[in-house]
Amino acid sequence: MGKVFRKILEYTMLFCLVCGIGVLISGNTALAAEANIKGAKAAVLKAYKQYQTEVDVSAYNLINGRDSGAVVDMMTEIIAQTPDLFYAGQKFSKLVNASSNQIIKLELSYVKAFKTSSGKINTAKIKKTRSQIKSKVKKVLSQVSSNMTKLEKALVIHDYLVQNTSYYDGNEDYATSEWGVLLKGKGNCQGYSKAYAILLEKVGIPVKYADSIEMQHMWNVIKLNGKWYHVDVTWDDPVHPVTQKNQYGLVMHENFLCSTTNMKKRGYTGIRCSVKTSKKYDNKYWKKVNSGFAYRSGKWLFQTNSAIKQRTRIASGSSKTLSHAGGISFIKASKNKYYFINYNRVYLYNRKSNRVSLVLDGVIDYNKYNLTQLRYQKGELEIRMLRGSKTKIVVMHLNNK
């Protein structure tokens, strides 16, 4: 009589919709030690990279029940934390020997968008998307200068993702990977974290992942000068409390380079992090800066609630006040022109002349609305304003040469 097998469907753990990613393989270590999880993980990764739909794991002594938790954690770690697996699905199946209870095979799933109408893996589309992602990575990194410190490079990339990504936690497959963040400008915490990790690795900054199952959330930990720090790009890009939509022009830095202690003080719970983190930057000035940092000719320009300032280095030296013009939604339109909101008015700051001029007086022209956000695209300044929960958008055509 031949062997009898049974198939068991499993799902990887999800954070932000996709959260609960295993930073470390958990489960009963005493029992899991008998299984070769490391070998099984390598086999699954190889199978995905070769676009296979199943992988033989019979050589790794995986016992259903005993090792089920470790296998789910392994698959979750693979799907959530491996760059360039944007085409991998969130579920898998185990083929189990009914008599020995050994897991013989793992059947892998793929994102629907990367499958043909007949169900086959669309390798041509995967390769095309990979090429597009590589081109976008190159474009993002063109903003990084060799004159920058690694901390400054991490900041530039952080700000780019916040300024060019809208938080999205829907059912679209792209939300959970760099595919969504880099090519569609949308993603959830898993997408933000993977995109940030890919970009940091390209500039030589070591990066890992941290998470909280309690919070259904994940983020990054990065290594600078031998010490590790938390960076949560997702939570530095919050949605508007009224509209629940992306807040253009708002770039927070509260979660840029934090210790685990600091994260806990600010409400993070159930943190799973595999490294010890430093408190060095917990109280730095940038925690209260809600604009992006604009770099040009060795200088960093940014805005606080009270002034427009400039620095030579982000983490050392002091700030120079260029103009006592504070505000919100400080955005760059060209190398010398920046727009911002102050007391329901829109202003232009000219970096070359160091002058501030009024562009739109919301107090007079839109006195029933609260000006909240600015966005500049292709010669047009988009001004968003609220009246209760009602949104109004005013577009101004500008010459910013």
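**Exercise 1. Find the residues that serine 68 is in contact with, leaving aside its neighbours within four places in sequence.**

Solution. Step one: leaving those neighbours aside, serine 68 is in contact with Ile63 and Lys94, where contact means heavy atoms within 4.5 Å. Before going on, a word about the model: it is predicted, so local features need pLDDT of at least 70 and side-chain atom pairs count only at pLDDT 80 or more, while totals for chains, interfaces and linings use all residues. Residues are numbered from 1 along each chain as its sequence is written, and side-chain values use heavy atoms, with hydrogens and water left out.

Serine 68 lies in helix α3, residues 68-81. Helices (H or I, at least four residues) and strands (E, at least two) are DSSP runs, numbered from the N terminus.

Step three: look at the polar partners. The side chain of serine 68 makes a polar contact with the side chain of lysine 94, at 3.2 Å. A polar atom of the serine 68 side chain also lies 2.7 Å from the backbone nitrogen of glycine 65. A polar contact is a pair of N or O atoms within 3.5 Å; within protein, one must be able to donate a hydrogen and the other to accept it, and residues adjacent in sequence count only if both atoms are side-chain atoms.

**Exercise 2. Work out the strand order of the open sheet of four strands, and say which strands stand at the edges.**

Solution. The order is β15-β16-β17-β18, with antiparallel pairing. β15 (328-332) and β18 (355-361) stand at the edges: each has a single partner strand, so one side of each is left without a neighbour in the sheet. Two strands pair if DSSP finds at least two bridges between them. Now zoom in on one pair: six bridges join β16 (residues 337-342) to β17 (residues 345-350). There, asparagine 342 stands opposite arginine 345.
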